[in-house]
Amino acid sequence: MNPRLDLLKPYPFERLRALLADATPSSEYPTHINLSIGEPKHDTPEIIKQAINANLAGLSNYPATKGDFELREAISHWIARRYDIPAPNPDTEILPCLGSREALFSFAQTILDGNPDSIVVCPNPFYQIYEGAAYLGGATPYFVNSDPARNFAPDWESVPEEVWKKTQLLYICSPGNPAGNVTPIEEWRYLFELSDKYGFVIASDECYSEIYFEEKPLGVLQAARFCGMNDYKNMVCFSSLSKRSNVPGMRSGFVAGDANLLAKFLRYRTYHGSAMSSVISAASIVAWNDEQHVEQNRALYQEKFQKVFPILSSVLDVKMPDASFYLWAGTPVADTQFSKALFEQANVTLLPGSYLSRPGSLDGTNPGFKRVRIALVAPVEQCVEGAERIAEFIRKNY
């Protein structure tokens with residue numbers, strides 16, 4: 001048995017189930033409102049469903065690991081339109097993947113060389129896949145705490161030089177999960193300079209890029225172009241249709257960037273067995289080529305924030321995110337205590353922030369302590385009712 005499996009921590013939702021296992025919600029609120037998991041709940045667009053139905057004959061064929069050229073071309077054109085940059089080469093700079101999650105994990109297995117001193121730098125809080133990918137790749141994760149003064153952006157400048165010297169991979173999430181912070185060009189330039197100096201690879205998780213309020217979030221490839229790095233050396237981005245198009249069950253995304261890295265990643269995936277069915281590929285082409293459903297989807301999230309934020313900001317320490325569909329709110333007591341009491345008294349489920357983070361590698365503090373993640377994925381009415389229950393719970397108890 002692989003001994004590194006023992007390094008994997010229980011997943012946040014497993015911990016949440018354990019926390020609430022002996023809790024009974026009040027009969028005053030018979031309807032449960034779940035704001036804990038970031039699973040899109042809006043309807044899947046009809047054009048995507050129709051594309052799946054029209055291409056079911058593809059089930060009789062083995063898919064190519066590299067993916068259909070038409071899909072890679074559609075993704076390339078989408079990147080060019082979305083970020084106003086030259087279209088990446090669909091033959092060498094783009095690979096379709098089965099959602100961003102599997103690629104974020106397996107990419108690390110391609111990059112990491114197994115050196116026991118190697119480090120993977122992660123934001124803190126973070127998407128749990130980063131940590132698991134680091135451990136199973138034989139590396140040690142280094143957790144960079146978020147900075148509340150900068151809307152919870154990671155404090156990259158706090159990382160010591162001796163850590164950067166051992167770093168092989170840096171995960172960055174922009175827009176961030178859970179705080180929705182977007183990485184500005186100055187910060188990208190700083191990370192590019194570090195990557196150039198120390199030789200590590202930047203893996204940019206951009207799965208929330210299409211859920212924003214005002215400015216379109218900057219992506220790593222776009223930032224690289226601004227900085228004159230047109231070959232995308234040592235950088236890749238990961239994106240997905242799950243949030244953008246409300247199709248988490250399709251498991252469709254892409255990796256784009258450094259052609260040399262993607263060639264090695266393709267070799268790995270040939271053995272790993274991750275290949276997208278032509279049925280999903282055809283539906284993905286339709287999704288990447290259409291922006292109308294994305295604009296409608298974004299408008300729904302904007303409406304929820306417009307209605308929910310005033311309710312919660314009157315009782316909690318919470319700021320509007322730059323993007324994404326989460327609120328990262330401070331709590332008056334320990335986040336686990338708050339979450340359990342809220343479930344018992346108001347039948348609303350939130351995710352304790354300490355489940356999404358670890359003690360920081362520099363000072364040992366957990367930046368998720370006394371914070372909760374609120375996912376505004378339910379219908380508007382449920383989100384508003386959930387916010388009202390949270391506000392009433394706080395006024396009664398604190």
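Student: How many bridges join β12 to β13, and do they run parallel or antiparallel?

Tutor: There are 2 bridges between β12 and β13, and the two strands run antiparallel. Keep in mind that this is a predicted model.

Student: What makes β12 and β13 a pair?

Tutor: A pair needs at least two bridges. β12 and β13 have 2, so they count as paired. In one of the places to look, Leu-351 has Arg-373 in β13 as its bridge partner.

Student: Which sheet do they belong to?

Tutor: An open sheet of 3 strands, in the order β10-β13-β12, with antiparallel pairing.

Student: Why are β10 and β12 called edge strands?

Tutor: Each has a single partner strand, so one side of each is left without a neighbour in the sheet. β12 covers residues 351-352.

Student: Which helices pack on this sheet?

Tutor: α12 lies across β10 and β13, and runs at about 5 degrees to β10. Helix α13, residues 335-346, touches β12 and β13. The direction of α13 makes about 45 degrees with that of β13.

Student: What makes the pairing of the 8 strands "mixed", and in what order do they stand?

Tutor: Their order is β2-β9-β8-β7-β6-β3-β4-β5, in an open sheet. The pairing as a whole is mixed. For a parallel example, take β3 (residues 119-124) and β6 (residues 167-173). They are joined by 3 bridges, and Val-120 stands opposite Leu-169 in β6.

Student: How do you know that helix α10 packs on that sheet?

Tutor: Helix α10, residues 259-272, touches β2, β7, β8 and β9. Touching here requires heavy atoms within 4.5 Å. The direction of α10 makes about 35 degrees with that of β2.

Student: Where are the two domains?

Tutor: Domain 1 takes 3-43 + 293-397, and domain 2 takes 60-290. Their C-alpha centres lie 26 Å apart. The contact takes 41 residues from domain 1 and 45 residues from domain 2.

Student: What area is buried between domain 1 and domain 2?

Tutor: About 3,800 Å², with carbon and sulfur atoms giving 57% of it. On the domain 1 side, His-293, Asp-322 and Trp-328 lose the most area to domain 2. Together they make up 15% of what that side buries.

Student: What polar links cross the interface of domain 1 and domain 2?

Tutor: The rule finds 20 residue pairs in polar contact there. It also finds 2 salt bridges across the interface.

Student: Which elements of domain 1 touch domain 2?

Tutor: α12 (292-313), β10 (326-330) and β13 (371-375) each supply at least two residues of that side. The largest share, 7 residues, comes from α12.

Student: Why is the link between Lys-9 and Glu-131 called a salt bridge?

Tutor: The cut-off is 4 Å, from a side-chain nitrogen of Lys or Arg to a carboxyl oxygen of Asp or Glu. Here the closest N and O atoms are 3.9 Å apart. The value is within the cut-off, so the name applies. Side chains of opposite charge can pair when their charged atoms come close.

Student: How many salt bridges are found in the whole structure?

Tutor: A search of the whole structure finds 17. The pair of Lys-9 and Glu-131 links distant parts of the chain, 122 residues apart. Lys-9 is in the segment before α1, and Glu-131 is in helix α5.

Student: What is the omega of the bond from Asn-124 to Pro-125, and is that bond cis or trans?

Tutor: Omega is near 10 degrees, and the bond is cis. Most peptide bonds are trans. Pro-125 sits in the loop between β3 and α5. The bond from Asn-177 to Pro-178 is also cis, with omega near 25 degrees. Pro-178 is in the loop between β6 and α7.

Student: What makes the phi of Asn-151 worth a look?

Tutor: Phi of Asn-151 is near 55 degrees, a positive value in a residue other than glycine. Most residues other than glycine have a negative phi. Asn-151 lies in the loop between β4 and β5.

Key. Residues are numbered from 1 along each chain as its sequence is written. This is a predicted model: local features need pLDDT of at least 70, side-chain atom pairs count only at pLDDT 80 or more; totals for chains, interfaces and linings use all residues. Side-chain values use heavy atoms; hydrogens and water are left out. Helices (H or I, at least four residues) and strands (E, at least two) are DSSP runs, numbered from the N terminus. Axes are lines fitted to C-alpha atoms, for helices over the stretch in contact, and angles run from 0 to 180 degrees between N-to-C directions. Domain bounds come from an automatic or database domain assignment. Buried area is the accessible area (1.4 Å probe) that two parts lose on being put together, summed over both. A polar contact is a pair of N or O atoms within 3.5 Å; within protein, one must be able to donate a hydrogen and the other to accept it, and residues adjacent in sequence count only if both atoms are side-chain atoms.
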